[in-house]
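I opened a new notebook page today. These entries record what I looked up, in the order I went.

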Amino acid sequence: MKNDSKIANRLRQINNVVDEKAILGVRTGESYIKKYYHKNKYAYSFLHNGSGFMHLAISKDGIYKKEDLLESVKIVDASIRRTRAKTILELASGRGANSAYLAQKNPKSVFYSIEFSKTQLDYAHKKSRKIRNYKPLNGNYHHLETFKTGSIDVVFIIEALCHSTNKEKVLKEVSRVLKNNGLFIIIDGYSNEGTRKLTKNQKKALELAGKAMAVEKFEPYAIFRKMAKRRFKIINEKNLSRYILPNVYRFERMARLFFKSKGIATIIARIVPKEVTYNAIAGYLLPVLLKEQACIYMITVLQNNTATFK
């Protein structure tokens with residue numbers, strides 16, 4: 001297969017610079033995820049922008065622009081306005097840019113966010129000092145005891161549920177804190193295994209890309225969907241993969257330069273923290289995986305119904 005040969009070639013190039021066995025051996029628990037984001041504190045500012053939006057841009061016209069980083073947040077904003085939500089909770093909020101933006105757009109609503117990385121949370125606290133209706137908190141999305149049962153109108157999470165190895169627990173906690181008919185909006189990446197038969201190289205590339213971004217394993221969307229349906233009603237889902245490609249291609253160009261020269265890449269890999277250089281692996285593999293539909297980028301909107309789902 002031509003495409004599989006492309007992945008095989010990229011896997012060889014990566015293994016010439018970094019030890020793939022060492023990467024695959026990484027256990028991405030909470031402590032490692034905290035370390036990953038701490039080490040990438042400046043790298044993420046460079047790769048995205050100084051405003052703190054750390055997710056992929058959604059470019060509907062096929063051309064990457066910095067303002068496209070707002071598209072995910074605008075999707076959430078549309079649901080907040082449509083449902084007239086008054087209490088909103090963001091899970092794994094990173095630097096707080098999403099909630100800060102939404103709080104300013106919706107001054108009559110109260111926005112909470114939780115984040116367990118102190119490095120990330122410090123940015124959010126700085127933003128919240130100037131935004132009275134935004135309250136960032138330290139917390140883990142597997143444990144939402146801070147919030148009362150049925151107290152939240154909308155919960156959302158952007159590109160962070162993938163870090164969880166117990167999504168069933170997250171879904172249970174979100175269902176508890178949401179009001180009846182409240183919304184859970186998820187924008188994230190998944191494996192497409194189950195819908196498509198993945199080759200051995202695709203599976204290895206997907207695992208490497210995940211570990212490079214502190215993701216233990218990309219959940220197959222088909223499995224996550226079944227999991228979600230046990231507690232929620234799916235009211236909207238859309239494959240956004242093609243819209244993130246312009247942003248992903250931007251990362252690919254940088255990654256290609258890194259792996260082009262084995263000598264230079266090896267030197268950089270020795271100097272720069274491995275958690276930073278690992279990003280080049282994801283940048284090099286994800287474009288091919290997305291084009292081959294080995295992985296997908298989805299928006300899923302779930303509606304809570306406590307009368308029906310227990």
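Which residues do ring pairs link into a cluster? I found Tyr190, Tyr221 and Phe224 linked in this way.

A note on the source: this is a predicted model, where local features need pLDDT of at least 70, side-chain atom pairs count only at pLDDT 80 or more, and totals for chains, interfaces and linings use all residues. Residues are numbered from 1 along each chain as its sequence is written, and side-chain values use heavy atoms, with hydrogens and water left out.

**Entry: aromatic pairs.** I searched the whole structure and got nine aromatic pairs. One of them is Phe258 with Phe259, an edge-to-face pair at 4.9 Å centre to centre and 85 degrees between the planes. My rule for pairs: rings of Phe, Tyr and Trp (its six-membered ring) pair if their centres lie within 6.5 Å; planes under 30 degrees apart are stacked, over 60 edge-to-face, and the rest tilted.

Is Phe258 buried or exposed? Phe258 counts as buried because its relative accessibility is 13%. Phe259 has a relative accessible area of 4%, so I noted Phe259 as buried too. The cut-offs are under 20% relative accessible area for buried, over 50% for exposed and partly exposed in between (1.4 Å probe, protein chains only).

Phe259 also pairs with Tyr284, and that pair is stacked: 5.2 Å centre to centre, 25 degrees between the planes. I traced both ends along the chain. Phe259 is in helix α11 (residues 241-260) and Tyr284 in helix α13 (residues 274-291), 25 residues apart, so the pair links distant parts of the chain. Helices (H or I, at least four residues) and strands (E, at least two) are DSSP runs, numbered from the N terminus. Tyr284 is buried, as is Phe259.

**Entry: charges over rings.** I checked Tyr284 again. The charged end of Arg10 sits over its ring, 4.4 Å from the centre. Lys34 lies over the face of Phe116, 5.5 Å from the ring centre. The test is NZ of Lys or CZ of Arg within 6 Å of the ring centre and within 35 degrees of the ring normal.

**Entry: strands.** How many bridges join strand β1 to strand β2? I read five between β1 (residues 87-91) and β2 (residues 110-115), which run parallel. Strands pair if DSSP finds at least two bridges between them. Glu90 has Ser113 in β2 as its bridge partner. Five bridges also join β2 to strand β3 (residues 134-138), again running parallel. There, Ile114 is partnered with Leu137 in β3.
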